[in-house]
Amino acid sequence: MSDRRRLTRRHALGLTAGVGLGSLAPSFTLPSFAGPVSSYPKGQRPRLLNVLDESTLSLAERTLATTLQGLLARGGSETLYLNIPSLGYQFWLDDLVSRYGVQARAGDLWKTVGRSRVDGYVLFRTGTPSVNVATTLAGLTGAVAVEESLEALAIRNGLRKVLDVRDKDDRWVLDNYWPRLRHDVAIEQRADIPERLRDYVTMAGTLAFFDGNSAFRAEVVDALDDDATVIGWGDASQGEDKFIGPNSDAGVKAIPADHARNLSVLSGIREDRLSQGGGGGGRVPEPDPNAHYVTFLITDGDNIQWMLGDFPTDKRWFGSPLRGQVDLGWGISPSLIDLAPSVMRWYYDQSVKDRWVVGPSGGGYMYPSRYPAAALDKHTSSLASSMERADLSAVQIIDFDSFQDKRLWSSYLKHPQIDGLIYLEYSRYDSHKGKVVWSEGKPVISARTMLWEGLEGADEASVTTELNTATRNPRSTAGYSVVLWHAWSKSVDNVMTVVNGLAPHVKIIPPDTLVKMVGEYAKP
């Protein structure tokens, strides 16, 4: 990591709002964010939510609303909630009310502005990088971000201009304000997305940036702390490895979240520990000597925007009416124990025959073989702690040509909270055909096969045949199969097509159970 600008870094946003920005001083103090066990900045527990249907707001109003939401989340009293009733956001709202006693009412944006005691705005222009500049500086000044088309209305509602950043870009922010921003988290968000993630930027006091896969982006990532997190998503037009790779080289992980809403509110809930249900509770059964054991595990479990959005409602995934008929494996980001613990708890409570493992490649998406050794040890130590809090015991890994690197996997498996790893070769996931390597006496299990539209041997009939003819011997690693099913081209329906074609000797178990069984019964 670069030491650029670090000598002047201030203590975790312990600065006076508005320093160097004029006379604006917000009516609240900037928070001391994370508690002793939290890995991420968190809002304060909300007491009253003014609920706005996102579809009723203009794009400019959404930016105003989310930056106001982030500022209010620092105080934990009255704030905003942007709802999309057809997605999971309705579930999370209902759960906040019913389980956590949060009050909710229909909201009015400008009335909430008036009650907020926020009295300033940062002016930006749509279609320019200035929206990220305004979002970032809203977190430093205690002002909201106002698009120029709303300026007259903002003035009529008692707001006054603190800064005009319409001609500014991310470089200007980095050069002038980096010492005042967090260095453990940054937000990568395109300027054409007006509302998503912006509440969290403002609440947490992070840099919001986007510049494709440029030298400037590399400079931002390199300036972050070891094992820092970039929340959002980069330019994947030439493949996601084009930015996940440089992230990894710098010792920085990513959490896909560029379409996430309400993180400033959802992070305000505290859950020290959660427990999974469903799928036999991860218990290890006595092996049937004539059986072949298989688990079905979805891809892309690192993606928290998906978990917050249509994952719980879409019939392809957790919203499937077929869910609960057979043991299924799902990936989940352990960051949710801090970023949205009520959401993680909801999924655990709704699990029937569902079990959860950590999505790739631990605390966030990165390639472990490219992570600097010290950053990887820091990463896996934090990961183990989060896994213990979230009742998770197995981790999916995505990497390049690293399956046999036992020393690399030792960084994960030396931690008692981690029972084993499920390895996916970047292209293609099942390249190693179920082989297992051992590190620290624990298994690193490669996917034997997968369901993926358009790939040879990854159709339902081929997978069914492969499983039915696989080795029947639970005392051998050949007696187990991990089947990855591609989230974007396959569904629970496709998994059930395979399940319904399996021979009686093929037994389906959850992924964490399979990892435990391999470790207990198939160790060389």
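Me: Why is Asp-227 called buried in this model?
Reply: In this predicted model, the relative accessible area of Asp-227 is 10%. Buried means under 20%, so Asp-227, at 10%, is buried.

Me: What makes the phi of Asp-227 worth a remark?
Reply: Asp-227 is not a glycine, yet its phi is positive, about 60°. Most residues other than glycine have a negative phi. Asp-227 lies in the loop between α8 (215-223) and β9 (228-232).

Me: Why is Asp-300 called partly exposed?
Reply: The relative accessible area of Asp-300 is 22%. Buried would need a value under 20%, and exposed one over 50%. The 22% of Asp-300 falls in between, so Asp-300 is partly exposed.

Me: What are the volume and the lining of the largest pocket?
Reply: Its volume is about 450 Å³. The lining of the largest pocket has 20 residues; by class they are 11 nonpolar, four polar and five charged.

Me: How is the lining of the second largest pocket made up?
Reply: This pocket has a volume of about 390 Å³ and is lined by 23 residues. They divide into eight nonpolar, eight polar and seven charged. Both β9 and α14 supply at least two residues each, and α14 gives the most, with five.

Me: How do you know that the peptide bond between Pro-360 and Ser-361 stands out?
Reply: The bond is cis, with omega about -15°. Most peptide bonds are trans. Ser-361 lies in the loop between β13 (354-358) and α14 (373-390).

Me: Which other peptide bond is cis, with omega near -5°?
Reply: The bond from Ser-427 to Arg-428 is cis. Arg-428 is found in the loop between β15 (420-425) and β16 (436-439).

Me: How do you know that the length of helix α4 agrees with its residue count?
Reply: Helix α4 covers residues 130-141, which is 12 residues. The expected span is 1.5 Å times one less than the number of residues, so α4 should span 16 Å. The C-alpha atoms at its ends are 15 Å apart, which agrees.

Me: What makes α4 largely enclosed by the rest of the structure?
Reply: Of its 12 residues, 12 are buried, so α4 is largely enclosed. Among them are Ser-130, Asn-132, Thr-135, Leu-137 and Thr-141. Gly-142 follows α4 and has a positive phi, near 75°.

Me: Why is Ile-508 called buried?
Reply: Its relative accessible area is 18%. The cut-off is under 20%, so Ile-508 counts as buried. Ile-508 is placed in strand β20 (residues 506-508).

Me: Which residues is Ile-508 in contact with, leaving aside neighbours within four places in sequence?
Reply: Ile-508 is in contact with Val-294, Phe-296, Val-326, Asp-327, Val-499 and Leu-502. As for Asp-199, 309 residues apart from Ile-508 along the chain, the two C-alpha atoms are separated by 42 Å.

Me: How many cavities of 30 Å³ or more does the structure hold, and what lines the largest?
Reply: The structure holds one such cavity, and the largest cavity has about 30 Å³ of space. Its lining includes Gln-44, Leu-72, Ser-77 and Val-265. Helices α1 (59-73) and α10 (263-266) each supply at least two lining residues. By class the lining has four nonpolar, five polar and no charged residues.

Me: What is the confidence in the chain, and where does pLDDT stay under 50?
Reply: The protein chain averages a pLDDT of 93, and 93% of the residues score at least 70. Over residues 1-36 pLDDT stays under 50. For that stretch the model has 86 contacts beyond four places in sequence.

Key
Residues numbered from 1 in each chain as written. Predicted model: local features only at pLDDT ≥ 70, side-chain atom pairs only at ≥ 80, totals over all residues. Heavy atoms only, no water. Helix = DSSP H or I, 4+ residues; strand = E, 2+ residues; numbered from the N terminus. Buried < 20%, exposed > 50% of the residue type's maximum accessible area, 1.4 Å probe, protein only. 1 Å grid on protein atoms, 1.4 Å probe; cavity = no way out; pocket = protein on both sides within 12 Å on 5 of 7 lines; lining within 4 Å. Points joined across faces, edges and corners; volume = space filled by probe spheres on them. Nonpolar A, V, L, I, M, F, W, Y, C, P; charged D, E, K, R; others polar. pLDDT = per-residue confidence, 0-100. Contact = heavy atoms within 4.5 Å.
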